[in-house]
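I opened the file to look up the sheet, the core and the backbone angles. My entries follow.

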Amino acid sequence: PTETHGLGDAFLRLLVPLLQKREAERVPSTWPVPAALDWNPDQVIVETEWMNIDILVRAQPGVFVCVIENKVDSPE
């Protein structure tokens, strides 16, 4: 969110609801709501280039992580 791309936290604010929706669809309605559904974009930690991970999004240690491998204009 603090990088020079000028997007701020827009990507994170789009990503969180998508992941929450996906998780809600996966969990039967009779189960308790998983903690991953409760995370808030304002409370996440975003790290870049951490231990060869391009983008690491963490919310509540041990509850949710999102690892993004960033490949732009890559032949793979």
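This is a predicted model: local features need pLDDT of at least 70, side-chain atom pairs count only at pLDDT 80 or more; totals for chains, interfaces and linings use all residues.

Residues are numbered from 1 along each chain as its sequence is written, and side-chain values use heavy atoms, leaving out hydrogens and water.

Entry: backbone angles.
I looked up Glu49. Its phi is positive, about 55°, although Glu49 is not a glycine. I placed Glu49 in strand β1. Is Glu49 buried or exposed? Glu49 counts as exposed, at 59% relative accessibility.
I then turned to Asn52, a residue other than glycine with a positive phi near 65°. Asn52 lies in the loop between β1 and β2. Its relative accessible area is 74%, and Asn52 is exposed.

Entry: the sheet.
I took helices (H or I, at least four residues) and strands (E, at least two) as DSSP runs, numbered from the N terminus. Two strands pair if DSSP finds at least two bridges between them. I found an open sheet of three strands in the order β1-β2-β3, with antiparallel pairing. Why is one side of β1 and of β3 left without a neighbour in the sheet? β1 (45-50) and β3 (64-68) stand at the edges, and each has a single partner strand.
I checked the pairing of β2 (residues 53-59) with β3: the two run antiparallel and five bridges join them. Leu56 has Val67 of β3 as its bridge partner. Val57 stands opposite Cys66 in β3.

Entry: faces of β3.
I followed the side chains along β3 and saw them alternate. Phe64, Cys66 and Ile68 point to one face and are buried.

Entry: the core.
I defined a nonpolar core as a set of buried Ala, Val, Leu, Ile, Met, Phe, Trp, Tyr and Cys residues joined through side-chain atoms within 4.5 Å. The largest one has nine residues: Leu12, Leu15, Val16, Val44, Val57, Ala59, Phe64, Cys66 and Ile68. At least two residues of this core come from each of α1 (10-26), β2 and β3.

How values were computed
Buried means under 20% relative accessible area, exposed over 50%, partly exposed in between (1.4 Å probe, protein chains only).
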